[in-house]
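Welcome! Please open the structure in your viewer, switch to a cartoon view, and keep the selection tool at hand.

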Amino acid sequence: MSFSNDVRGEICSSVNDKDRRFACLYGMLLFCRTLTKEHVCFQSESRTSADLFCSLFTAVFKTKPQSRDHIRKNGTVLHICEVGGDNAAEVFRKYRLRENVREIDSEIIATNSLGVFTAGVFLACGSVNDPSKEYHLEFSCPEEGLAMQLATLLGDIGVTAKTVMRRGQYIVYIKGSESIEDTLTFIGATQCTLELMNMKIYKDIRNKANRIANCDAANIDKVVKAAMKQIEDIKLIDHAVGLETLSDELREVAQLRLDNIDMSLQEIGESLSEPISRSGVNHRFKKLAKMADEIRCGGRKHES
């Protein structure tokens with residue numbers, strides 16, 4: 001299963017109320033292949049996206065689109081959902097669309113639904129590379145104006161997105177792990193964001209560890225995995241409750257680990273404002289690990 005499909009699956013599980021369904025479907029419709037008053041056609045190589053489109057359309061318009069599969073010459077399957085006639089006209093009325101004009105109307109989306117609208121755009125025309133290979137996320141937009149509006153929308157949340165023409169398609173693309181992390185979080189794929197962050201940490205630590213001369217490979221892996229787990233726990237705590245909620249001693253050791261991913265426990269202990277032993281540092285990391293495990297289990301209690 002691809003990383004893009006992981007993102008789609010997580011998005012689909014979060015579209016669970018009336019406003020979110022309306023906003024997500026708007027994104028899917030606006031960026032779908034065909035959008036006229038006579039014919040609306042959504043198509044995707046992703047069964048997950050196609051099934052969600054049919055489900056959302058049925059929920060919003062009380063009628064089910066026709067669906068079919070088309071097998072291309074190269075063997076890939078295209079999942080197609082379409083409506084016509086009065087149903088297509090109703091789409092234009094409900095979403096205040098204009099014939100031959102595709103543009104994002106932010107007035108019909110509540111402020112807290114912009115993320116799920118963008119999630120719908122991703123389901124319609126987005127993809128993201130496997131982070132173990134490359135940091136790259138893109139949207140293949142049907143029109144230039146939509147591409148420019150989407151790039152502006154992403155810019156409003158602090159994401160630098162660029163546009164390019166490729167094989168007749170207007171592409172909005174994002175490079176850089178942090179911008180992709182912000183985008184995935186914005187569209188509701190937080191678990192995939194954590195997965196990307198973990199992969200980045202792993203690659204970073206491996207790159208640093210591999211520069212250490214005369215170090216046994218098994219020891220490198222042990223150090224890498226331990227530091228990775230510590231950083232994963234710290235980032236989870238920061239995301240859930242904020243590092244500022246920690247006691248001074250835990251916050252200091254957490255920040256040192258985040259800033260110095262290749263430091264040994266002894267080096268961290270020596271760098272503290274009040275130096276402590278290696279075992280003392282290890283004890284603090286065990287406290288942080290316990291807090292992270294409680295958060296994963298849905299608990300709110302933690303030591304500080």
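What follows is a walk through the model, one selection at a time.

**Before you start**

This is a predicted model, in which local features need pLDDT of at least 70 and side-chain atom pairs count only at pLDDT 80 or more, while totals for chains, interfaces and linings use all residues. Residues are numbered from 1 along each chain as its sequence is written, and side-chain values use heavy atoms, with hydrogens and water left out.

**Stop 1: the whole protein**

Show everything at once. The protein has 12 helices and 8 strands; these are DSSP runs numbered from the N terminus, with helices being H or I of at least four residues and strands being E of at least two. Taken along the principal axes, the C-alpha atoms fill a box of roughly 75 × 40 × 30 Å. Of the 304 residues, 43% count as buried. Here, buried means under 20% relative accessible area, exposed means over 50%, and partly exposed is in between, using a 1.4 Å probe and protein chains only. Among contacts between residues at least 6 apart in sequence, 64% join residues at least 24 apart; a contact means heavy atoms within 4.5 Å.

**Stop 2: helix α1**

Select residues 3-14, which form helix α1. This helix has 12 residues and reaches 17 Å from its first C-alpha to its last, close to the expected 16 Å. The expected span is 1.5 Å times one less than the number of residues. Now colour the buried residues of α1, among them Phe3, Val7, Ile11 and Cys12. Is Ser14 buried or exposed? Ser14 counts as buried, because its relative accessibility is 16%.

**Stop 3: helices α3 and α4**

Next, select residues 47-61 for α3 and 85-94 for α4. Two packed helices are described by the angle between their axes and the distance between the axes. The axes of α3 and α4 come within 12 Å and cross at roughly 75°, which makes α3 roughly perpendicular to α4. Axes are lines fitted to C-alpha atoms, for helices over the stretch in contact, and angles run from 0 to 180 degrees between N-to-C directions. Angles under 35 degrees count as roughly parallel, over 145 as roughly antiparallel, 65 to 115 as roughly perpendicular and the rest as oblique.

Which residues meet here? Show Phe57, Val60 and Phe61 in α3, and you will find them meeting Asn87, Glu90, Val91 and Lys94 in α4. The residues of this contact divide into 4 nonpolar, 1 polar and 2 charged. In this grouping Ala, Val, Leu, Ile, Met, Phe, Trp, Tyr, Cys and Pro are nonpolar, Asp, Glu, Lys and Arg are charged, and the others, Gly among them, are polar.

While you are in α3, click on Cys54. Cys54 is buried, with a relative accessible area of 10%. Leaving out residues up to four places away in sequence, Cys54 touches Pro65, Ser67 and Cys81.

**Stop 4**

Move on to the loop between α4 and α5 (114-125), and pick out Arg96. Most residues other than glycine have a negative phi. Arg96, however, has a positive phi near 55°, and Asn100, in the loop between α4 and α5, has a positive phi of about 65°. Arg96 is partly exposed at 48% relative accessible area, whereas Asn100 is exposed at 69%.

**Stop 5**

Finish by selecting residues 248-259, helix α10. Leu250, Val253, Ala254, Leu256 and Arg257 are buried there. They cover an arc of only 160° around the axis, which puts them on the same side of α10; the arc is that of the directions from the helix axis to the C-beta atoms. On the other side, Asp248 and Asp259 are exposed.

Last, click on Arg284 in α12. Arg284 counts as buried at 12% relative accessibility, and its contacts include Glu249, Leu250 and Val253.
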